[in-house]
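Subject: Structure handover

Hello,

Please find the structure below, for your files. My notes on it come after.

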Amino acid sequence: MLPDAVIVRTCGSQPAVYGVDSFINPRQSLLCGGPLVDFSEWELRGHTEVFGDIAQHFGSYAKAGVQDGIPFTGRGMKTLQFVRTTDGWRISAAAWDDERDGLTIVTDWLTSPQPTR
């Protein structure tokens, strides 16, 4: 990530805007001996577009884990913006929103596309 990257969580409420450290620090505590265990998150489907030294990835994801002893699952959509630096590609911004009542991922985003023949 770029040192000044911006990370935004919407999830049906006022957007929460984080810097890199303010995003990582509480999650590191949560995941390393905190109330969240067996957490995993994976992409369901996504695509990346590149032009010169900028790129954007938009994709759907699923997640699962156990928090405070209660199993949970969820899905959502993410967007990531990248810039090419002298050290390689770096995230400049990220944003996500989770499914909830009244907001679900359209079926096309739930599975990987079939290979073309």
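Predicted model: local features only at pLDDT ≥ 70, side-chain atom pairs only at ≥ 80, totals over all residues.

Residues are numbered from 1 along each chain as its sequence is written, and side-chain values use heavy atoms, with hydrogens and water left out.

Salt bridges

The count comes to five salt bridges, where a salt bridge is a side-chain nitrogen of Lys or Arg within 4 Å of a carboxyl oxygen of Asp or Glu. One of them joins E41 and K78, with the closest N and O atoms 2.3 Å apart. E41 is in strand 3 (residues 36-51) and K78 in strand 5 (residues 70-85), so this pair ties together parts that are 37 residues apart in sequence. Strands here are DSSP runs (E, at least two residues), numbered from the N terminus. E41 is partly exposed at 36% relative accessibility, and K78 is partly exposed at 26%. For these terms, buried means under 20% relative accessible area, exposed over 50%, and partly exposed in between (1.4 Å probe, protein chains only).

R84 and D53 form another salt bridge, at 2.8 Å from N to O. R84 belongs to strand 5 and D53 to the loop between strand 3 and strand 4 (54-67), 31 residues apart. R84 has a relative accessible area of 41% and D53 one of 46%.

K63 also pairs with D98 in a salt bridge, the closest N and O atoms being 2.8 Å apart. K63 lies in strand 4 and D98 in strand 6, so parts 35 residues apart in sequence are tied together. Both K63 and D98 are buried.

Leaving aside residues up to four places away in sequence, Y18 is in contact (heavy atoms within 4.5 Å) with A5, V6, I7, R9, F23 and R27.

Cysteines and T107

The whole structure has zero disulfides, a disulfide being a pair of cysteine sulfur atoms within 2.5 Å. C11 is partly exposed at 21% relative accessible area, whereas C32 is exposed at 59%.

T107 lies in the segment after strand 6 (88-98) and is exposed, with a relative accessible area of 61%.

Regards

Methods
Helix = DSSP H or I, 4+ residues; strand = E, 2+ residues; numbered from the N terminus.
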